[in-house]
Structures are given as C-alpha cells and as structure tokens.
Amino acid sequence: MKIGNRIFETEKHTYVMGILNVTPDSFSDGGKFNRMNLALAHVEQMIAEGADLIDIGGESTRPGHQQITEEEEIRRIVPVVTQVKSRFDIPVSVDTYKAEVAKACLEAGADLVNDIWGLKYEKGMAELIGQTKAACCLMHNRKEAVYHNFMEEMKADLQETLKIAERAGIEKDKIILDPGVGFGKTYENNLEAVCRIGELRQLGCPLLLGTSRKSVIGLTLDLPVEERVEGTLVTTVQAVLSGCAFVRVHDVKENKRAVRMAEAIRDGWRKDGSTGDE
C-alpha cells in the first residue's frame, strides 16, 4: 500500500502511527502540543522513536467532546501539516471527518485522511478522496451502541462503508479499515473488537487498531490516562498477532518495541526450521 511517497508492506509488518493532537481538550494530551514549536518537537521525537507515519488531529473526538467549526479546525491543523511536510520526510495523516478540512489538509500536503465516521458523516468526504486518490483510514462508528450480533453488524457496517467508497471511485488499495475501539461501542464490545479484530481481514483491506490510552484500558485496569501504557502494549501485541498493518499510538517508543518483539516471536521460528532445543 502506498501512502505519500512510501510503500507499506501491510501483509508482512505492523507499522506505528504516532498521534499528534493539536487540540486544547484531547482526552489524553490536550493542550500539550497546540503550539507550533511543541508540535514540531513532538513529531521529531516520534520519528526518532520509530514512528512510520504521523496522524494530526485538530478536534477532540473523546466522548462528550465539543464540536468545532471547519474554519477553526483548518486553522489548527493546516499550518502544522504544512510545517511537518516541509521539515520531515514522513507520511502525514489528518484525523477529520469533515470534507472541507480534509481538502485543505490534502492541499497542504497530507497523504491520508483518517475518517472516524467511515465516509458516513458527509457525502463530500467520499467524493473528495475518490477525486484526489488519497489514501484513507475508514473507521467503524455508530451513534448508539445497540447491537444484536456485534461482530456481524460491525462487519456489515464496514461493508457498507466499502460500498460508499467504491461508488465514489476510491480504489481498494487506498483503504485501511479501523474497528473503532471507543466509538459507538460498550466496554464489552470494545474488548470483543480487540480480541476478534483479525476476522475483519476477510473484508480485504489492511487493518488499523487504535486503543492507545483509551477508556477500555482504564476501565479494565482501573487506571488513569497517564498510566495506561502497559495496557496499550498488550493490545498492540494482539494487533500484531492478528495481522493488523497499523497501530495508532501516543507512546511510540514503547509500542515500536512491542511490535518488534511480537513480530520476532511470530516469525522467528520460521527462519531456519529449528526449535532451539538442540
């Protein structure tokens, strides 16, 4: 899969997407990186720690978040996208569900649109992505967490997203799918989504898992946001073993190491056929 000027071997490897929130109210790091110098320093740090691409968001989408205007979101994101693309050789994703914001960011050099509503918030989003031939990450989401058969309904919802993409001319090799942990799901649904994410590979697209510091980890371990690294690492290992192509995380260094170790365990025995017991 090509994102920007880089080829990602999504069948063989799990890549790390580093999160940059330029928001005052993100659930995890709101206000920490909403000044240009701090944002750029954090991108530099994430690249040094092994990030394969950077996801930039300008509106918090945590539960109960305050929606902002397109103009405000563009004001927050576009200058950062421009500076990151001019200073660093790394693919950039923009985390937005609004077509006008995505358009402004793509014009500024962004390489991927990360849409938390899976093309279902605005009709114009699918048309934009189809016309620009940009890569996209399309997430599962619902307004209410009401399901009779969770996994089957999630698959059906994602298939509907793929049909919207096809009608808009979005090529399938440009699409990543995300089960949307923390969005339109109960605590139990979130755990099931992580456990069974590998089943979504049957939809024919690379998968992204985004659980970093989320409430499903906090509720399970009874820990605040700043103490959820270990829980996140467990989900990252699950992503690797389930065949996910990407993990979206705040703590790049730790998750990059977890990916490397999980891949070594998964693949190491195949190299020479020995068991190590000789």
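Student: How many salt bridges does a search of the whole structure find?

Tutor: The search turns up 20 salt bridges. A salt bridge here is a side-chain nitrogen of Lys or Arg within 4 Å of a carboxyl oxygen of Asp or Glu. Keep in mind that this is a predicted model, where local features need pLDDT of at least 70 and side-chain atom pairs count only at pLDDT 80 or more, while totals for chains, interfaces and linings use all residues. Residues are numbered from 1 along each chain as its sequence is written, and side-chain values use heavy atoms, with hydrogens and water left out.

Student: What makes Arg201 and Glu11 a salt bridge?

Tutor: Their closest N and O atoms are 3.5 Å apart, and the cut-off is within 4 Å, so the pair qualifies. Arg201 sits in the loop between α6 (187-195) and β9, and Glu11 in the loop between β2 (6-7) and β3 (15-21), 190 residues apart. Helices (H or I, at least four residues) and strands (E, at least two) are DSSP runs, numbered from the N terminus.

Student: Is Glu11 called buried or exposed, and why?

Tutor: Buried means under 20% relative accessible area, exposed over 50%, and partly exposed in between (1.4 Å probe, protein chains only). Glu11 has 66%, so it counts as exposed. Arg201, at 41%, falls in between and is partly exposed.

Student: How do you know that Lys103 and Glu107 are about one helical turn apart?

Tutor: They are 4 residues apart in helix α3 (residues 99-107), which means a separation of about one helical turn. Lys103 is partly exposed at 35%, and Glu107 is exposed at 60%.

Student: Why do Lys120 and Glu160 count as a salt bridge?

Tutor: The N to O distance is 3.9 Å, and that is within the 4 Å cut-off, so the pair counts. This pair links distant parts of the chain: Lys120 is in the loop between β6 (112-115) and α4 (123-132), and Glu160 is in helix α5, 40 residues away.

Student: Is Thr14 buried or exposed, and how do you know?

Tutor: Thr14 has a relative accessible area of 1%, so it counts as buried. This residue lies in the loop between β2 and β3. Its side chain reaches the backbone oxygen of Cys244 at 2.7 Å. Thr14 also touches, among others, Val240, Phe246 and Val259, not counting residues up to four places away in sequence; contact means heavy atoms within 4.5 Å.

Student: What makes a set of residues a nonpolar core?

Tutor: The set must be buried Ala, Val, Leu, Ile, Met, Phe, Trp, Tyr and Cys residues joined through side-chain atoms within 4.5 Å. The largest one here has 65 residues, and Leu20, Ile56, Leu119, Ile175 and Leu177 have the most contacts inside it. Helix α5 (residues 150-167) supplies the largest share, 7 residues. A second, separate core of 13 residues includes Leu53, Leu112, Ile176 and Phe246.

Student: Why are β8 and β9 called edge strands?

Tutor: Two strands pair if DSSP finds at least two bridges between them. The open sheet has 8 strands in the order β8-β7-β6-β5-β4-β3-β10-β9, with parallel pairing. Both β8 (175-178) and β9 (208-209) pair on one side only.

Student: How do you know that β7 and β8 pair?

Tutor: Strand β7 (residues 135-139) and β8 share 4 bridges in the parallel sense, and at least two are needed, so they pair. Met139 stands opposite Asp178 in β8.

How values were computed. A polar contact is a pair of N or O atoms within 3.5 Å; within protein, one must be able to donate a hydrogen and the other to accept it, and residues adjacent in sequence count only if both atoms are side-chain atoms.
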